[in-house]
Amino acid sequence: MLITHDTRCSLDAVVDLVNTTPEEDGADGLAHVAALSDFVRTHNVSDVGVLSERDLADVRQVRARFAEVFADPEPRATAAIINELIAAAGTTPRLTDHDGYDWHVHYFAPGASVADHLAADCGMALAFFVVAGEQDRLRRCEAPDCRRAFVDLSRNRSRRYCDSRTCGNRLHVAAYRARRKEAAG
């Protein structure tokens with residue numbers, strides 16, 4: 001599956017957006033407008049003006065819908081969610097070449113809110129996976145104490161953890177220690 005630069009940026013943004021969702025005992029990664037501003041800056045979300053509490057509330061609603069995409073393995077349900085998001089965003093595809101990037105497609109309408117921008121561009125990036133029959137690559141970490149979202153871009157679709165250096169390594173070390181303890185016991 002060919003993933004263009006702009007699609008990859010949108011995938012990174014949607015994963016990071018979903019991962020700002022507070023877990024049962026965690027803090028909201030988008031607790032205030034300043035956090036949303038940081039998110040927009042980190043992901044180079046273009047064409048965004050001054051952010052407000054309304055923008056924050058709208059982005060949280062979009063985030064909740066995207067979280068459903070990573071939770072639901074059924075393609076029809078996922079397609080319905082993505083269709084609702086991109087339709088509500090007033091998706092308006094257009095070619096652009098800004099900020100030193102070659103030609104790419106923006107799906108948000110000029111002057112769109114940050115929530116509509118994310119819904120359109122990230123929604124289309126996820127739609128490409130559904131269309132290609134690759135929805136199973138939209139996953140949640142398998143570590144028992146982690147539910148972070150990620151996109152498995154490995155060739156053989158074998159990635160199980162959001163980060164192999166933290167969640168994956170922690171579980172492998174625990175399994176190794178358990179085997180050693182059992183062998184010694």
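Which residues lie nearest the centre of the largest pocket? They are Asp-6, Cys-9, Ser-10, His-43 and Asn-44, among the 26 residues that line this pocket. The structure is a predicted model, in which local features need pLDDT of at least 70 and side-chain atom pairs count only at pLDDT 80 or more, while totals for chains, interfaces and linings use all residues. Residues are numbered from 1 along each chain as its sequence is written, and side-chain values use heavy atoms, with hydrogens and water left out.

The largest pocket has a volume of about 430 Å³. A pocket is here an open set of points on a 1 Å grid over the protein atoms alone, where a 1.4 Å probe fits, with protein on both sides within 12 Å along at least five of seven lines; lining residues have an atom within 4 Å of a point. The volume is the space filled by probe spheres set on the points. Helix H1 supplies the largest share of the lining, 7 residues, and H1, strand S2 (104–106) and H5 each supply at least two. Helices (H or I, at least four residues) and strands (E, at least two) are DSSP runs numbered from the N terminus.

Asn-44, one of the residues nearest the pocket centre, is placed in the loop between H2 and helix H3 (53–71). Asn-44 counts as exposed because its relative accessibility is 56%; the classes are buried under 20%, exposed over 50% and partly exposed in between (1.4 Å probe, protein chains only). Most residues other than glycine have a negative phi. Asn-44, although not a glycine, has a positive phi of about 50 degrees. Arg-157 likewise is not a glycine and has a positive phi, of about 55 degrees.

Asp-121 belongs to helix H5 (residues 114–131). Residues up to four places away in sequence aside, Asp-121 touches Ser-10, His-106, Tyr-107 and Phe-108, contact meaning heavy atoms within 4.5 Å. Asp-121 is buried yet has no salt bridge, and Arg-94, the nearest side chain of opposite charge, is 6.9 Å away. A salt bridge requires a side-chain nitrogen of Lys or Arg within 4 Å of a carboxyl oxygen of Asp or Glu.

Thr-20 counts as buried because its relative accessibility is 11%. A polar atom of its side chain lies 2.6 Å from the backbone oxygen of Leu-17.

Methods
A polar contact is a pair of N or O atoms within 3.5 Å; within protein, one must be able to donate a hydrogen and the other to accept it, and residues adjacent in sequence count only if both atoms are side-chain atoms. Lys and Arg count as positive and Asp and Glu as negative; His and the chain ends are not counted.
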